[in-house]
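I opened a new notebook page for this chain. I wanted to look up a few places in turn and write down what I found.

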Amino acid sequence: MPFLEIVNLHKRYPGGVAVEQVNLAVERGEFISFLGPSGCGKTTTLRMIAGFETPTSGTLTIDGADMTRTPTSQRNIGMVFQSYALFPNMSVADNIGFGLRVAGRPASEIRERVAELLGIIHLADFAQRYPAQLSGGQQQRVALARALAIRPRVLLLDEPLSALDAKIRIVLRHEIRAIQRQLGITTIYVTHDQEEALALSDRVVVMNNGRVEQIGTPSAIYNTPQTAFVASFIGTLNVLPARVVNRDAGHLEVGGQVVRVGRALTDATGSQVTLALRPEIFSLNGAYGPDANRLSAVAEELSFLGPTVRVRTHVAGHALSFDLFNTTGLVLPQLGEQIELHFAPEACLVLPPG
């Protein structure tokens, strides 16, 4: 039985539907990220799990108990917000121990738990400082420790890193994942940052317009998107109009060039479809062997991105970009040069025409 289960969760406001028919089963200790653009319903779903919002319909259970209309104070849930929400007049230690004091725990237990969490978040020497004396990253660590102090059954994080600069975010996301694994706590994380969701999660829930588009591992979400929205929202994607020329053999025609997708197609021969290709799947040196697809293109622009160089081309009048690793001795195509792009049939995504 799932530790946390959402069944047909629905939330309607006077202005319209925010969340529609969300279903999700979460195992104990799993790290789940809700990912999607602003207004897609991910935070509303999180707030219903927390008890800050009451569902219009549907059910929510935690460890077998129905929590659909249980007050937040009785759910034993830890919450971390984007804004930290620390008490400015309390020290770090007092902020972390606040929930335990409210619960009436003994002073000795509070001191022991606060000391334990200060060690976990690497701020043992900052116990008597105040929030204003801390960096943003340190404040968010304190907010995380405060949420964990009560030993919650579920930890909820609502875009906790979005106010921090890029380098601090990367460091903190690794720390959050390490702490989550160390404590084995079931965690729901909301973000609009796809890299963050892919790096942190056991599974990702991609949402759009209040609905779940796809639930899967980071690898499945990225490599085998099930909808056009997921394919376009996750990562960078090239999309080319194509026509099915042999359904059973899995052959497409793109601007007069045949592309094999390595499997039979569901669309009938003659159908118009979209061929989607990630920029990292291409090679210029025949690395995929004699069975690889080949597309003729013209190099038009080079962009240096540090570890990679992105080459912008045109194929049959449509833009296509591909990435080359910035290795020693890399030979880049010349602008205006006719090149041949090699890629494996299995790397092709076939989507409805867009």
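**Entry 1: a loop residue**

I began with Ala-344, in the loop between β18 (338-343) and β19 (349-351). Strands here are DSSP runs of E with at least two residues, helices are runs of H or I with at least four, and both are numbered from the N terminus. I noted that this is a predicted model, in which local features need pLDDT of at least 70, side-chain atom pairs count only at pLDDT 80 or more, and totals for chains, interfaces and linings use all residues. Residues are numbered from 1 along each chain as its sequence is written, and side-chain values use heavy atoms, with hydrogens and water left out.

Is Ala-344 buried or exposed? Ala-344 is buried, at 16% relative accessible area. Buried means under 20% relative accessible area, exposed means over 50%, and partly exposed lies in between (1.4 Å probe, protein chains only). I then looked for its partners. Leaving aside residues up to four places away in sequence, Ala-344 touches Tyr-288 and Asn-293; a contact means heavy atoms within 4.5 Å. I also checked Gly-289, 55 residues apart from Ala-344 along the chain. The two C-alpha atoms are separated by 8.6 Å.

**Entry 2: the whole chain**

I stepped back to the chain. I found 8 helices and 19 strands. The C-alpha atoms fill a box of roughly 75 × 50 × 35 Å along the principal axes. Of the 354 residues, 48% are buried. I looked at contacts between residues at least 6 apart in sequence, and 65% of them join residues at least 24 apart.

**Entry 3: helix α5**

Next I followed α5, which has 18 residues. From first C-alpha to last, α5 reaches 26 Å, close to the 26 Å expected at 1.5 Å a residue. The expected span is 1.5 Å times one less than the number of residues.

What caps the N-terminal end of α5? Asp-165 does, with a side-chain oxygen 3.2 Å from the backbone nitrogen of Lys-167. After α5 comes Gly-184, whose phi is positive, near 65°.

I listed buried residues of α5, including Leu-172, Arg-173, Ile-176 and Ile-179. What covers the buried residues of α5 includes β3 (31-35), α3, α4 (136-149), β7 (154-158), β8 (186-191) and α6.

**Entry 4: salt bridges**

I turned to charged pairs. Side chains of opposite charge can pair when their charged atoms come close. I counted a salt bridge where a side-chain nitrogen of Lys or Arg is within 4 Å of a carboxyl oxygen of Asp or Glu. The count comes to 17 salt bridges.

Arg-173 of α5 came up again. Arg-173 forms a salt bridge with Glu-195, with the closest N and O atoms 3.1 Å apart. Glu-195 lies in helix α6 (residues 194-200) and Arg-173 in helix α5 (residues 166-183), so the pair ties together parts that are 22 residues apart in sequence. Arg-173 is buried at 10%, whereas Glu-195 is partly exposed at 46%.

Where do Arg-113 and Glu-116 lie? Both are in helix α3 (residues 107-120), 3 residues apart, about one turn of the helix. Arg-113 is buried at 6% relative accessibility, and Glu-116 is partly exposed at 36%.

I also looked up Asp-94 and Arg-101, whose salt bridge is 4.0 Å from N to O. Asp-94 is partly exposed at 36% relative accessibility. Arg-101 is partly exposed, also at 36%. Lys-11, Arg-47 and Glu-53 are linked in a network of salt bridges.

**Entry 5: Thr-70**

I checked Thr-70, in the loop between β5 (65-66) and β6 (77-80). Thr-70 counts as buried, at 17% relative accessibility. A polar atom of the Thr-70 side chain lies 3.5 Å from the backbone oxygen of Asp-66.

**Entry 6: the largest pocket**

How many residues line the largest pocket? There are 20, with Ile-77, Gly-78, Met-79, Gly-99 and Ile-150 nearest its centre. β6, α2 (92-102) and α4 each supply at least two lining residues. α2 gives the most, with 4 residues.

How values were computed. Polar contact = N/O pair within 3.5 Å; in protein donor to acceptor, adjacent residues only side chain to side chain. 1 Å grid on protein atoms, 1.4 Å probe; cavity = no way out; pocket = protein on both sides within 12 Å on 5 of 7 lines; lining within 4 Å.
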